[in-house]
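Here is a short briefing to read alongside the coordinates. Have a look at the model first, then we will go through it together.

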Amino acid sequence: MRYLWSIPAAVVAWFIGGFSATYLKGLPDGATYFVPPRVDLLLLGGFAGGVLAGLLIGRVRIAVPVLLVVAAGMWWLTGNSFSDRDMLVTLLVASALGGLFGALGTRSSVLAAFALALPVAWYAQRPAEQLRDWQWIWQLNGLLVGAGLALLLYFACWKRGWRSVGSWIPLAGFYLVCNGFVEAVQVVARSNGKPMDAVGDASTEAFFQSFAPLLREYWPWMVVAVLLAIPMVALKLRALPPPPPPPDPYADKSNDAVLSDDLDWIDEQEAHRRLLPRRQPVN
């Protein structure tokens with residue numbers, strides 16, 4: 001019965017988590033495809049939707065085939081040609097990998113938080129593409145980067161509580177790397193028709209330059225994110241019911257001592273003894 005609602009919800013989450021922001025804002029050149037034929041959107045959008053869909057389904061053997069069918073069906077319904085195999089394969093692989101990490105994340109929320117770091121970094125940088133000339137764009141970007149980090153730290157402690165706090169430092173570092181990866185992918189997507197060497201140099205430079213504003217301008221927002229994640233986790237753990245007591249390993253056993261075989265004579269019924277022997281009748 002669970003899959004009757006989780007599979008439709010996963011299909012909706014695949015679109016909302018991966019492509020709704022792009023579709024609702026519109027694309028360059030007036031295109032409004034549900035699955036836009038761009039490398040960065042297919043890669044990051046398919047992965048983001050796959051993670052959310054995998055979290056809802058929770059089973060790898062069901063999530064991956066469902067996402068492959070949904071991605072291929074959406075590609076066909078939006079009028080894209082199957083002859084463009086590179087784009088289609090990009091969408092299928094990104095959706096399948098996202099579904100894999102999302103399904104595995106239902107057992108360990110730390111793994112799911114690492115999987116969600118890339119989609120969250122992608123969403124945090126979306127306003128920068130639309131508001132390039134806005135005066136306070138750096139403040140908005142810092143706010144979104146900090147909010148994304150707070151959500152990731154909170155989600156990492158969802159299953160195990162404070163025992164997962166040790167993953168906050170590597171998770172924050174991986175989140176910074178994901179921001180640089182998003183910048184590099186966007187440079188590759190905008191470099192159509194250029195030589196591969198020039199595209200590789202530009203993407204590498206964009207990757208390393210993305211750390212400069214994060215460490216120079218956005219670090220106060222990241223500190224606030226860590227301070228905000230601490231009470232969020234505390235309130236979440238306080239709202240949970242107390243854990244059940246551990247089961248008693250001796251609940252199904254009796255209180256009788258377990259004796260070895262050579263002491264079984266203790267529990268045997270002894271014959272009735274008399275103090276005086278029975279008197280023989282006189283004939």
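This is a predicted model: local features need pLDDT of at least 70, side-chain atom pairs count only at pLDDT 80 or more; totals for chains, interfaces and linings use all residues.

Residues are numbered from 1 along each chain as its sequence is written, and side-chain values use heavy atoms, with hydrogens and water left out.

**Fold**
- The protein chain has 12 helices and zero strands (DSSP runs: H or I of at least four residues for helices, E of at least two for strands, numbered from the N terminus).
- Among contacts (heavy atoms within 4.5 Å) between residues at least 6 apart in sequence, 74% join residues at least 24 apart.

**Burial**
- Of the 283 residues in the protein chain, 38% are buried (under 20% relative accessible area, with exposed over 50% and partly exposed in between; 1.4 Å probe, protein chains only).

**Rings**
- The whole structure holds five aromatic pairs (Phe, Tyr or six-membered Trp ring centres within 6.5 Å; planes under 30 degrees apart are stacked, over 60 edge-to-face, the rest tilted).
- One of them is the edge-to-face pair of Phe207 and Phe208, at 5.2 Å centre to centre and 85° between the planes.
- Phe207 is partly exposed at 21% relative accessible area, while Phe208 is exposed at 55%.
- The charged end of Lys236 sits over the ring of Trp158, 4.5 Å from its centre (NZ of Lys or CZ of Arg within 6 Å of the ring centre and within 35 degrees of the ring normal).
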